[in-house]
Every structure is written in structure tokens, then in C-alpha cells.
Number of protein chains: 2
Amino acid sequence: MISEKMRGYVENSSAIRAMFEEGKKMADQFGAENVYDFSLGNPNVPAPAEVKNAIEEILKNEDARMVHGYMNNAGYEDVREAVAASLNQRFGTAFHKENILMTVGAAGGMNVLMKTLLNPGDEVLTFAPYFGEYRAYVTNYDGILKEVEPNTETFQPNLKKFEQMLSEKTKAVIVNTPNNPTGVVYSEATIQKMAAILETKQKEFGTSIYLISDEPYRELAYDGVEVPYLTKYYRNTIVGYSFSKSLSLPGERIGYLVMPDELDGAKDIIAAAAVANRILGYVNAPSLFQRVIAKCLDAKADLEYYNRNRETLYNGLQKAGLTCIKPEGAFYLFVKSPIADEKEFCQKAKEYHLLIVPGSSFACPGYVRLAYCVSYETIVNALPKFEELMKNYK
Amino acid sequence: MISEKMRGYVENSSAIRAMFEEGKKMADQFGAENVYDFSLGNPNVPAPAEVKNAIEEILKNEDARMVHGYMNNAGYEDVREAVAASLNQRFGTAFHKENILMTVGAAGGMNVLMKTLLNPGDEVLTFAPYFGEYRAYVTNYDGILKEVEPNTETFQPNLKKFEQMLSEKTKAVIVNTPNNPTGVVYSEATIQKMAAILETKQKEFGTSIYLISDEPYRELAYDGVEVPYLTKYYRNTIVGYSFSKSLSLPGERIGYLVMPDELDGAKDIIAAAAVANRILGYVNAPSLFQRVIAKCLDAKADLEYYNRNRETLYNGLQKAGLTCIKPEGAFYLFVKSPIADEKEFCQKAKEYHLLIVPGSSFACPGYVRLAYCVSYETIVNALPKFEELMKNYK
């Protein structure tokens with residue numbers, strides 16, 4: 001009774017979400033404190049106090065008919081103006097409100113973009129390992145997602161392969177830095193090289209290739225690492241942002257797209273994206289939270305909390321005999337499985353009540369992802385379990 | 001640079017929204033009090049006090065990590081349970097939480113359903129006049145929307161034509177009662193006849209035909225008129241609901257789907273709809289407002305306000321020489337244009353600062369739609385303008 005396409009999606013439905021459900025069941029069975037769920041990027045750090053204060057202020061001072069009402073499909077003009085001004089101040093850009101489209105989280109923004117840009121058969125490139133949902137976002141609009149194979153030494157993008165895979169059919173490239181699932185931040189040098197390749201290929205093919213920077217983890221960078229702002233390096237860059245992680249609001253579905261004036265066909269793209277936002281049924285980003293984030297653009301979730309988790313888990317896993325790149329951003333560790341079949345390793349881990357996600361879900365088998373946006377106690381209590389688990393492989 | 005499909009959508013982009021923007025510009029130019037904007041269904045009645053109270057209670061008593069966090073893609077279990085219980089109490093149904101999927105408004109729910117059900121070329125029937133966005137919701141998934149021509153005497157569905165148009169290709173039928181744009185409520189007799197036709201045709205074709213009841217206006221019925229609950233009349237019924245009008249929360253994007261166990265393939269449809277909700281980028285309905293509506297299921301926007309508007313506008317327009325069906329529900333009047341070309345009439349109305357929408361936007365030329373969810377003062381002040389306008393046609 002369901003569509004053929006959906007049959008495929010349901011069958012391949014995210015292993016991450018399945019594990020989320022399984023984790024809840026295990027928590028019911030064994031007690032939440034005895035299950036170590038590293039499967040989902042659901043922040044354990046509460047939203048900063050500014051969020052609650054902003055909600056209260058808005059309810060007190062603003063007209064309910066405006067706060068909960070329809071506005072331009074692109075979002076409230078004052079909110080988009082505030083977002084543009086904040087970006088300009090932070091990154092030395094020159095955006096104005098027309099460049100900003102408020103979206104139902106980053107996932108909504110990505111769907112809006114794919115709907116806006118893709119004709120059937122258009123190719124979109126991304127770098128493995130990558131967030132598995134990109135595949136659906138592209139195929140929803142009959143595009144073809146092509147994955148650039150990973151450089152497992154550094155998990156920086158494999159630019160040599162990338163260059164070979166770009167073609168006349170390439171409509172867009174999705175990058176995600178800081179990266180889910182590796183935690184890697186793309187260096188400025190990497191981005192400059194990538195931009196140069198794209199410029200050359202655009203000229204060679206006489207096409208426009210849009211670089212889509214999916215940035216839900218932008219604010220989560222450690223050790224003072226800088227996350228370059230990509231619109232400054234490549235003209236045809238569109239940025240997707242979400243407040244899910246930076247303000248711990250994943251359930252509220254609030255984010256935005258940045259579509260600079262410098263894009264080829266900027267005017268058409270900006271107009272079409274607003275229409276796509278409407279006809280895909282988002283209509284507009286949730287109104288109260290548009291107004292909330294405008295008051296919280298300088299607020300941040302507690303980065304130090306994540307950093308302590310990162311250090312503790314990274315060091316503990318090393319000690320248990322596991323290896324991984326030390327992540328500079330996001331809240332994930334991408335760990336080499338001690339056996340080639342990482343799904344089997346994840347199954348084994350479950351016996352120790354450790355919930356981790358197979359790298360296959362990110363097009364990178366042989367690795368597993370751990371989300372460390374959990375409580376510190378979860379990490380401390382999980383580490384002896386990892387030690388026990390690893391005894392099976394010695 | 002944009003996709004072919006989007007080029008079409010942008011060109012045909014909603015006349016309603018264009019007028020919304022134009023109304024704002026006119027308000028800036030002439031002063032808001034001198035522009036009479038009947039173009040958009042943006043409630044002028046504020047959300048009931050229960051909404052604000054619920055938000056404050058939730059922020060005070062519930063854990064921010066839960067309130068703003070991810071949950072099952074279908075929505076919080078306690079919220080879905082509360083929605084099911086409320087429906088069961090009101091309509092004598094027997095839903096449970098698995099039948100409820102929380103959505104990003106009714107528009108999000110409709111897209112989820114079309115994504116879930118439609119293969120390319122599948123036909124979806126609806127009754128003219130209808131909410132123009134249905135066309136996009138269907139064609140987004142390569143379905144074909146077929147409109148059943150209206151019965152302009154009563155604006156009840158034209159069941160004779162309907163019966164003729166049902167075919168092996170018909171996957172779904174969309175109904176909307178109380179209706180946008182006519183305000184008509186489908187009577188129980190009409191629904192019984194429609195159900196009988198559908199049953200017969202299902203048997204004849206050996207197919208399943210899903211009746212999709214889009215119900216954002218369910219709570220807005222006047223004069224004690226009953227709005228029948230369609231799942232009780234036809235087994236393959238799916239209901240889409242929104243709190244946009246009932247609680248005056250259109251910007252918050254909160255609604256739900258009801259997918260009963262009795263549906264053919266219920267289990268598959270329920271599972272696929274949750275996946276569609278995720279991969280279309282909604283991920284989940286906004287979390288705080290899920291929790292809010294669970295506390296406000298018995299609350300209602302001020303129906304008496306709309307009713308006074310309805311009576312005043314209806315009587316005033318009659319007096320000015322315009323004719324229309326007296327609506328029993330929603331907050332629209334669908335008025336016969338005094339000239340065949342209703343677009344020209346709308347242009348003329350603009351000279352009097354009256355913003356109204358051509359019936360062509362609803363596949364019913366020769367009529368115009370007025371949304372009376374405006375302030376009472378707007379109606380009172382607009383009526384002399386309608387009298388002046390109508391002098392052109394005497």
C-alpha cells in the first residue's frame with residue numbers, strides 16, 4: 001500500500017534511529033543507569049539559560065498574534081536581519097536579510113535546497129564517511145548521491161578522488177565540517193584546495209557547481225580550532241545551519257540557509273527556496289523559536305562539558321585498546337573496529353549494554369561512531385565496559 | 001540554476017501569498033487601518049490563555065533536555081496518547097498512540113502522506129474549489145491531482161462527477177471540511193454517500209482508495225453544526241489535523257495525522273509515515289509545541305469572535321449586492337464575482353484597498369475568497385468600501 005520509493009527507505013531506515021528505540025527498551029529493562037547509549041546526537045547538555053529567558057520575555061512583551069502567526073515564508077524580517085548581522089560581525093561577511101531563509105532545522109534546509117536545485121539525474125557529491133540522511137535528501141528529488149571514498153588516515157576529504165569524480169552532471173557538493181561522524185574540522189588549506197578544484201571544473205564544464213556546507217556543528221570546536229566560513233573561499237557556496245546543537249534545541253527544528261548574492265542565479269535560487277519551503281509543507285520555520293534564536297545568537301551550549309566528555313572518552317578508549325582520530329569538533333568519535341565486520345562488533349558491544357553505531361551507516365565500514373553528547377557519568381561508567389568488551393579481541 | 005519543477009512552482013506561486021506581501025506594502029503606504037486585507041488565513045484572534053500557561057508550566061516543571069530534545073520521529077508517546085484519548089472521548093473512536101503521528105502542521109502531514117502513498121502517475125482526486133497547495137503536495141511526489149468540478153449551487157461535493165472520475169489509478173481522495181475556500185461543512189448524508197461510492201469502487205477495481213480528510217478547520221463550525229468524524233464512515237480514512245486555527249498557532253507548525261488500524265496496510269503506512277517525516281527533513285513536529293498542545297486539547301480560539309465576523313460580513317456583503325453561500329464553518333466567504341472575470345474584480349477591489357483572492361486560485365473562477373479571521377473593525381470599516389466598489393457594477 002505504500003510507494004515503492006518508501007518501501008526502499010523503510011527497509012534501509014536509519015540504523016541510528018533503530019538503535020535509539022532499542023536503547024529505550026534496554027533502559028526500561030535494565031534501568032537507564034545501566035545502559036550506555038552512544039547512538040544518537042541528542043544533546044545531554046540543556047539549552048542555555050538565555051533560551052528560557054527569551055521565551056519568557058517574548059511571551060510577556062510581544063503580541064501573541066505575531067509571535068505564533070504566519071509571516072513571510074522565508075521567516076520574520078527582523079529575525080533574518082539579526083542572523084545576517086550576527087554572521088557579518090563574526091565572519092566579516094556582508095549578508096543582508098534576503099540572503100537568509102529560516103528553516104525547519106538543518107534537515108529542512110537541506111531538503112529545501114535539493115528541491116530547489118536538482119533535476120532528476122543530477123549528481124551530488126559528498127565525502128565518506130557522511131551523515132546517512134544525505135542519501136535520502138538527494139534521492140527525495142531524484143538526484144544521485146555519489147560518495148567520495150574516505151582517506152582513513154586523516155578523514156580529511158580525499159581531494160584527488162573528488163577531482164576525478166566531478167563531472168558535467170555534478171550539481172552540488174555537500175560538506176559537513178565539523179564532521180559527523182568523524183569530528184574532523186576541514187582545515188583552511190583543504191578548503192582552499194577544494195575551492196580551486198571547483199573553480200577549475202566549473203570553467204572546464206561551463207556549469208555551476210554549488211558547494212553546500214551543512215553546519216549544525218559549527219559552534220562545537222575544541223582547542224581553539226577555527227572553522228573557516230566557506231562563503232569566503234568559494235562563490236557558489238550555500239550554508240545550512242541549525243541551532244540543534246549550538247543551543248541544544250534539536251526537537252524544536254530551527255535553523256537557516258545562507259544564500260549569498262554572489263551565487264550564480266542567486267535571485268532565482270532565493271525565490272525558489274522560499275517557495276520550496278512553503279510547498280514542501282514546512283511553510284515557515286517555527287515562529288516562536290525564530291524569535292527566540294534572534295535573542296540568543298551569542299549564546300552557546302556548554303562547550304566545556306562536551307570537551308571534558310571528549311577528553312575522557314578519547315583517553316579511556318585508547319586505554320581500552322581502541323584507536324581513533326582525536327576529534328577537533330562536533331561530539332562524535334569515529335573509532336576503528338577491532339574486527340573487520342563492525343556490525344558484529346556493535347552486536348557484541350550490546351552485550352555490555354554499550355550502544356554504538358556501525359560505520360556502514362556512514363558509508364565507512366570497519367569503523368563505529370560514538371556520540372559523546374551524553375552525561376559525563378555515562379562515559380565514566382561505560383569505560384570499564386569497553387575494557388571488558390575489548391578483552392574479547394585480545 | 002533552479003530545477004525545472006521549481007521553475008513551474010515559482011511561476012504559479014500562490015496568489016494568496018503574493019497578495020499577503022502586497023497587503024503589507026499597501027499597509028506601509030496607506031497605513032494599516034486603511035487597508036482591508038481579507039487575503040490570508042492568519043488568525044487575528046490570539047491564542048487562548050491556556051497556551052501561554054502551558055508554555056510557562058512546561059518551562060518550569062519539565063527537563064529542558066526532554067522538552068527541546070529529539071524523541072521518536074512520530075512524536076512524544078505521552079503526547080500521542082493524549083491526542084488519541086481526546087479523539088476517543090470526543091468521537092467515540094478507539095485510537096491508540098500508534099495511530100497518531102505528530103506533524104509540522106497540516107501541510108507537513110499532507111506531504112508525509114503523499115510521500116508515503118504515491119507512486120509516480122498515481123491519481124489523487126479532490127473537489128473544486130480547493131486549497132491550491134494540494135496541487136503541489138501531490139505533484140511533489142509525481143502524483144496527478146484531478147479536480148472534480150464544483151456544484152456551485154451548494155458547494156457540497158459533486159458526487160456524480162466524483163463517481164465517474166474514480167479509476168484503477170485513484171490512490172487517494174482529499175476532502176476538506178469545513179472547507180477552504182467555501183466554508184461549507186459536508187453533511188453526514190454526503191459523507192455516507194461518498195463512503196458508499198468509494199467502497200463500491202474499491203471492490204470494482206480491487207484497489208485501496210484512501211480518503212484523506214484535511215481538517216485544519218474542524219473546530220470552527222457555527223450554529224451548532226456537527227462535523228462528522230470521517231474514520232467512522234469509511235475504513236480507509238486518514239485524518240490530517242492542525243492546531244493553526246483551533247489554537248491560533250499557524251506559525252508554530254503543529255498538527256498530527258490519524259492513521260487508524262483499520263487501513264489496508266496500516267502497519268506499513270504507519271511505519272513509512274514516520275520514516276517520511278524524518279527523511280523529508282521535518283524529523284519531528286516542534287517539540288515544545290507538542291507538549292503544549294497536549295495540555296490544550298480542550299482549549300479553543302474564540303469562536304464567538306469569528307461568528308460575529310461571519311454574520312457581519314455576510315450580511316454586509318448581501319446588502320452591498322454580493323451573493324454567497326452562508327458558510328457553516330472555517331473563516332472564509334466564497335463570493336460570486338459580479339463579473340465573469342473575477343481577477344479583474346479583485347484588481348478593482350484593490351483600488352478601494354480591499355484585498356480579496358480570485359477563485360481561480362482554488363480552481364473555481366468567477367468567485368472570490370474573503371478570509372474573515374481579521375479584526376471586527378476591519379470588517380466594519382470595509383463594508384462601506386464594498387458598497388462603493390459595487391457601484392461600479394450597477
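Author: Happy to. The backbone nitrogen of B:Ala74 lies 2.8 Å from a polar atom of the B:Asn72 side chain.

Author: A word on ground rules: this is a predicted model, where local features need pLDDT of at least 70, side-chain atom pairs count only at pLDDT 80 or more, and totals for chains, interfaces and linings use all residues. Residues are numbered from 1 along each chain as its sequence is written, chains are lettered from A and ligands numbered from 1 in the order written, and side-chain values use heavy atoms, with hydrogens and water left out.

Reader: What makes B:Asn72 count as buried?

Author: Buried means under 20% relative accessible area, exposed over 50%, and partly exposed in between (1.4 Å probe, protein chains only). B:Asn72 has 15%, so it is called buried. Its place is the loop between helix 4 and helix 5 (77-91) of chain B. Helices here are DSSP runs of H or I with at least four residues, and strands are runs of E with at least two, numbered from the N terminus.

Reader: Which peptide bond is cis at A:Pro129?

Author: The one joining A:Ala128 and A:Pro129, with omega about -10°. A:Pro129 lies in the loop between strand 3 (123-127) and helix 7 (133-139) of chain A. Another cis bond joins A:Thr177 and A:Pro178, with omega about -5°, and A:Pro178 is in the loop between strand 5 (170-175) and helix 9 (188-205) of chain A.

Reader: Now the two chains. How many residues does each put into the contact?

Author: Chain B gives 83 residues and chain A gives 84, where contact means heavy atoms within 4.5 Å. Together they bury about 6100 Å², 54% of it on carbon and sulfur atoms. Buried area is the accessible area (1.4 Å probe) that two parts lose on being put together, summed over both.

Reader: Why is the pair B:Arg278 and A:Glu133 called a salt bridge?

Author: The rule asks for a side-chain nitrogen of Lys or Arg within 4 Å of a carboxyl oxygen of Asp or Glu. The N to O distance for B:Arg278 and A:Glu133 is 2.9 Å, so the pair passes. Across the interface of chain B and chain A, the rule finds six salt bridges.

Reader: Which helix of chain B gives the most to the side that touches chain A?

Author: Helix 10 of chain B, with seven residues. That side of chain B divides into 40 nonpolar, 23 polar and 20 charged residues. Here Ala, Val, Leu, Ile, Met, Phe, Trp, Tyr, Cys and Pro count as nonpolar, Asp, Glu, Lys and Arg as charged, and the others, Gly among them, as polar.

Reader: How do you know what axis relates the chains?

Author: Chain B can be laid on chain A with an RMSD of 0.0 Å by a turn of 180° and a shift of 0.0 Å along the axis. That is the relation of a two-fold axis. The superposition is by least squares on C-alpha atoms of residues with pLDDT of at least 70 in both copies.

Conventions. Polar contact = N/O pair within 3.5 Å; in protein donor to acceptor, adjacent residues only side chain to side chain.
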